[in-house]
Each structure stands twice: as C-alpha cells, then as structure tokens.
Amino acid sequence: GGRLDELASIADKNGPILHQRDRFGRDEDWIEYHPAYREMEQIAFGDFGMHAMTHRGGVLGWPDPIPPVAKYLITYLFVQGEFGLMCPISVSDTSNFVIKRYGSEAVKNYLLPRLLSQDMASMWKGTQFMTEKAGGSDVGAVETTARPLGKGSDGIERWSITGDKWFCSHADADVAVMLARPEGAPSGTKGLGLFATPRRLEDGSRNAYRIVRLKDKLGTKSMASGEIKFDGATAYLIGDVHNGFKQMMHQVNLSRLSHGVRAASMMRRCLNESMVVARYRNAFGGAIMRFPLLRRQLMKIMLPTEQALSLSLYASKIMGDANDGDAKAETLLRILTPLFKFRACRDNIRVASHALEVRGGVGYVEDFVAARLYRDAQVGTLWEGTSNINAIDVISRAVGKSGGEKALGAALDDMLRSADGLPGQMRGEFAGLVDRAGRFARDVAADPKKEKLSRAASSALYHVVSAALMASEGATIGAKGGDARRLLMARMVAEHRLKAQDPMAPVDPAWEDAVVDHLLDDKPVPLARAVELASA
C-alpha cells in the first residue's frame, strides 16, 4: 500500500519508451522510464536489496545471506503493490545465482560486485533471455550461435554471440544470461552453452547488442520487454560450455518459484480488495456481503489465495533446506516448484476475474487496481513455461523419473502426524487423499497415452498438498490458542477439489454456511469449533 501502490499505478499508465538513436545519429538505443518506475527501482534494489539478499550478507542489516523464506515474504508484500518490476528483480536475483554457482572465479570477480551492489549509480542489473523466433518452450530450437574468442589476460573466457532473442523481459539490463549454440555443437538442448552478455564492455563502449523494438503487451506495462539482436556481441562463458541448458534450468526453476509467490501475492490483493467492497458497498438496502451468492464467490477468491500462501511458505522453507544440503529437500523442491507455478498462476487468473466482478462495472475501469490485476495475472501461465510444460515437468519428470510424489507424500504424512490438535480421523482422511493423488500421478506418468491427464494429476497433487498444509497449520496454530480457521479451509478444499460431487446434489448447505460465516468473519476460530465443523 501507500507510496508503492501510487507509484505502481503511475508507472502502469506511463510505460517505457525506446529511443533508437541518440541526437548525433549513433545507435545508442536506450529506454526512457517514468520517474515513478525509477523510484520503485530504488525501493526494490536500493533500499531492500531484493536482488542481492540471498547471495551476500549485509542486506537490511542481516549479517549472512537472508533465507529464501524471508526473501519470498518480502516478495509477497511487494507484489501486492507492484507486479511488473518484480520481473527485473527476479531475473537479477536468478542471474546472480547462476553466475555465483557456475561462473569462473575471474567472471565472478568481475560481475558479482556490480550485480550485488545496492548503489543505484553504479550497480548492474541482470536478466535472462531464452525465447527466440524458432520457439519459446522448445529451447532446443535455439538458433543463436557462439564463437570462441579465447581467454584474456584477466582470465575471462570470451565468446562472440550472434542471433535474435524474440521476447526479452528487462530488455535494458546490464548483463543478460542466455543460451547459445557453440559452432559445431549438436542440435537440441545438449548442444547449448550458457553465456553472460554485457550491454557495455570493460572500457565502457557499447557491445554489439541492439534493442530492435519494445513489445506492446497486455500487462506488466511498467516493465520493458523487447526484441534484441546480437551481432557478434562479446559474452563471458558461464560454467561448462557443454552443460548450458542444465545450468540455465536452475535459473528457470528459481523463476518458477518466484512466479508462484507472485501469483499468491496478487491473489491476496484481489482478496483484500474484494473483502473491502463486500463489506462497505451498499446495494438493495445494505452491505452486499450479506448475499449468499456473493459470499460463495468470495470463497472462490479466498480458498485459492490461502492455498497459494501455504505453498509459498512451504516451498520457500524447503528451498532453504535444500540450499543447506538436505538431499530430501532437494527432491521435494524438484516437484514442488513446477507444481506450485502450474496451479497458482492458473488460479490467479480466475481469482482476478472474480475480484473484478465483485468490484462491479467500475472494476473494468483503469481507475481501480482490479483491471491491472486482471491484465497482469495472464502472464503467469506464459513465462517460464506454459501450464502444459509445467504439468509435464511435474508428472513426466518429477514423478516419472525422480519419484517426487513419494518424497512429497512422506513429508506430508510426517507433517500431519506431528500436528498437535489434529484429530486422528481427519489425519487419516487427509493422508488417504495424499496417497490417492500420488497413485493417480504415478499412473499417468507410467503411460505415455495418458499425458493428456497431466494437468488433472498435477492439480490433484496441488490440492492435496495445500489441504494437508492448511490442516496442519490450522491445528497447530489452534492448539497454541490461536486462530484455527485454516483447518476449515483445508476441509473446504477437500470437499470442493478432491471429492466427487454430483452438481445437482451439492454439499450440505447448513454445514457450508456455518464454515463460510467463520471464514468471512475476522474473529478467530477456536480449535474446538474448527474441529467440530471440519469433522462433521
């Protein structure tokens, strides 16, 4: 809220402008941003160091690198105000990760002090460029080529990059991490190398790197996406030249988790906006919150929002454990990342649509945030893999090749067993749903003819994970004397997303009305009452 929200609205209405040449006719293309966007950059990069906080100590006074769960909590808050700038923040963050993990000492010594700086006058921002005219999700079709130039006296191995990148978000970043095919390398993903290409060379001169045009996008209008042509641009090799795609996938997976958190955050903004409208808009003689159909619609906003919040926190914690060397956490993260990105980004679109409708006709007008939330929500199912790509990653790879559903099932069973206050009957019910979803996923993964069910199987996994998490959270918080409402949310997910329903024989209205009354009220729900309703 506050200043960030004001800046986001201004920047959305005053998007970036590409200037192809300077006044002397030189091809010194540059992007002009509204001052509101620059002020948001100061908040994100300069004040909070969101791009650097998990890579070095000292950000926000924290002596060590900040844990992922804290970074994603800050992301969760930031995106409720501004979504567009989160792409540059995220790709800077993930570029830093790849360079730090795979770059040579010479490359790291040259790039990282600049990329991890919070001084807006001297820092460099990073990005990743993948999409080409030949294909987006089909990364193996990359046509950009790389030619070795040799190693300099500084120890940096330089290459020459030639090709077009067709959809480049954060188009004017200072360093772009990208895939290119070395001359003579085989086709497909196995022939790709990973390179860091700077916009300016060591002497400050312009690299052979030109922004051809900016994209006129549906959403994320505050941030510049464009088409970029490389004509023998100098680049620095990152890691093993024969292993570029696998190295880049670490960056993609980090971006996918970020997309899930961003979707969760936007849904929270949608829920907050909708609850304010429902409580304070009067029609037909009173607040519209009292109407049964609207209350049902609010639940269609609330449940996906809360599911995504639970996944955000859980996946963030698992990432921290994996970073600390926990092998089980690494397996869990392998399935959680595409699973979270797949479902949360799809739910975000529906939630944004519901929120716009709750606001009414004025929500269709750009004066209010609902229209921008709806436009921005669409990109989550496109960037870092479409829904189909992420569902296939969950089922065919994480389940079919890594057995991720078994690790996930075991982790959730442990969580349910250790949740104080969760009745044994409910514990058994949720454990049974987890087992069924795992068997469904294995069945689909085992038969190539069933690939068309990958999205259904992924959705089932997502819903059982979120239901188990919320059941554990609600019971644990309630047992400590806190608000146990998440136990009711878990039961609602189970009833509406995981059990067969006859559309002409709905859930018992009296039971559901009682649950909805509690969930739409700010008063804490005691554990005893939550258990009573959740066990009914």
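1. **R3 and E39.** R3 is partly exposed, because its relative accessibility is 43%. Here buried means under 20% relative accessible area, exposed over 50%, and partly exposed in between (1.4 Å probe, protein chains only). E39 is partly exposed too, at a relative accessible area of 32%. Their side chains meet in a salt bridge, 2.9 Å from N to O. A salt bridge here is a side-chain nitrogen of Lys or Arg within 4 Å of a carboxyl oxygen of Asp or Glu. R3 sits in helix 1 (residues 2-13) and E39 in helix 2, so the pair ties together parts that are 36 residues apart in sequence. Helices (H or I, at least four residues) and strands (E, at least two) are DSSP runs, numbered from the N terminus.

2. **Basis of the model.** This is a predicted model: local features need pLDDT of at least 70, side-chain atom pairs count only at pLDDT 80 or more, and totals for chains, interfaces and linings use all residues. Residues are numbered from 1 along each chain as its sequence is written, and side-chain values use heavy atoms, with hydrogens and water left out.

3. **Overall build.** The chain has 16 helices and eleven strands. Its radius of gyration is 24 Å, which agrees with the value near 24 Å for a compact globule of 536 residues. That radius is taken over C-alpha atoms, and the globule rule is 2.2 Å times the number of residues to the power 0.38. Along the principal axes, the C-alpha atoms fill a box of roughly 75 × 50 × 45 Å.

4. Of the 536 residues, 56% count as buried. The accessible surface comes to about 22500 Å², and 53% of it belongs to carbon and sulfur atoms. Areas come from the Shrake-Rupley method with a 1.4 Å probe; for residues, only the protein chains shown count as cover. Take the contacts between residues at least 6 apart in sequence: 71% of them join residues at least 24 apart. Contact means heavy atoms within 4.5 Å.

5. **Charges.** The chain carries 70 positive and 64 negative charges, and their mean positions are 3 Å apart. Lys and Arg count as positive, Asp and Glu as negative; His and the chain ends are not counted. Each charge is placed at NZ of Lys, CZ of Arg, CG of Asp or CD of Glu. The structure holds 46 salt bridges.

6. **R206 and D29.** This salt bridge runs 2.8 Å from N to O between the two side chains. The pair links distant parts of the chain, 177 residues apart. R206 is in the loop between strand 7 (193-198) and strand 8 (209-214), and D29 is in the loop between strand 1 (17-19) and strand 2 (30-32). Buried or exposed, R206 and D29? Both R206 and D29 are buried.

7. **E473 and R486.** The side chains of E473 and R486 form a salt bridge of 2.8 Å, N to O. E473 lies in helix 13 (residues 454-479) and R486 in helix 14, so parts 13 residues apart in sequence are tied together. E473 is partly exposed at 21% relative accessible area, while R486 counts as buried at 12% relative accessibility. Elsewhere, salt bridges that share partners join E28, D29, R199, R200 and R206 into one network.

8. **Helix 15 and E495.** In helix 15 (residues 509-519), the buried residues are W511, E512, A514, V515, V516 and L519. Their cover includes helix 7 (292-323), helix 14 (485-497) and helix 16 (527-534). E495 is in helix 14 and is buried, with a relative accessible area of 12%. Leaving aside residues up to four places away in sequence, E495 touches Q501, V507 and W511. The C-alpha atoms of E495 and E273 are separated by 26 Å; the two residues are 222 apart along the chain.

9. **S160.** This residue is in strand 5 (residues 157-169). S160 is buried, because its relative accessibility is 7%. Beyond residues up to four places away in sequence, S160 touches T145, A146, R147, L149, G232 and A233.

10. **Backbone points to check.** Most residues other than glycine have a negative phi. L60 is not a glycine, yet has a positive phi of about 55°. L60 is in the loop between helix 2 (35-47) and helix 3 (68-79), and is partly exposed at 45% relative accessibility. E384 also has a positive phi of about 55° without being a glycine. E384 is in the loop between helix 9 (369-377) and helix 10 (387-399), and is buried at 18% relative accessible area.
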